[in-house]
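Q: Could you take me through the helix packing and the charged contacts of this structure?

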Amino acid sequence: RAEAATIISRTLAGGFKTINVGFSDSGDIPKWARLGFNKLISLGAIGGYEDGSLLPLRFLSKAEAVKILYNVF
């Protein structure tokens, strides 16, 4: 998920308002992926799970990838 968030966010134009990520496992987000997650979360393109976690190091499922791309483009 971290790699996907970074790659997809880099295709977007700048100037988006970023927010602080407030998930239970925010400390697990690699430094290099924080801006990507912030951009996509502020756009509503990616979100966390019902238990309040983001799981940034988990593999991205096909369904999650489609949802992100649909919400962004």
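This is a predicted model: local features need pLDDT of at least 70, side-chain atom pairs count only at pLDDT 80 or more; totals for chains, interfaces and linings use all residues.

Q: At what angle do α1 and α2 pack?
A: Helix α1 (residues 2-10) and helix α2 (residues 34-43) pack at about 70 degrees, with axes 8 Å apart. Helices here are DSSP runs of H or I, at least four residues, numbered from the N terminus. Axes are lines fitted to C-alpha atoms over the stretch in contact, with angles from 0 to 180 degrees between N-to-C directions.

Q: Which residues make the contact?
A: On α1 they are A2, A5, T6, I8 and S9, and on α2 they are G36, F37, K39 and L40; contact means heavy atoms within 4.5 Å.

Q: Switching topic, how many salt bridges are there?
A: The structure holds one, a salt bridge being a side-chain nitrogen of Lys or Arg within 4 Å of a carboxyl oxygen of Asp or Glu. R1 and E64 form it, at 3.0 Å from N to O.

Q: Where do R1 and E64 lie in the chain?
A: R1 is in the segment before α1 and E64 is in helix α3 (residues 62-72), 63 residues apart.

Q: Are R1 and E64 buried or exposed?
A: Both are buried, that is, under 20% relative accessible area with a 1.4 Å probe, protein chains only.

Q: What covers the buried residues of α1?
A: The cover includes α2 and α3.

Definitions and conventions:
Residues are numbered from 1 along each chain as its sequence is written. Side-chain values use heavy atoms; hydrogens and water are left out. Helices (H or I, at least four residues) and strands (E, at least two) are DSSP runs, numbered from the N terminus. Buried means under 20% relative accessible area, exposed over 50%, partly exposed in between (1.4 Å probe, protein chains only).
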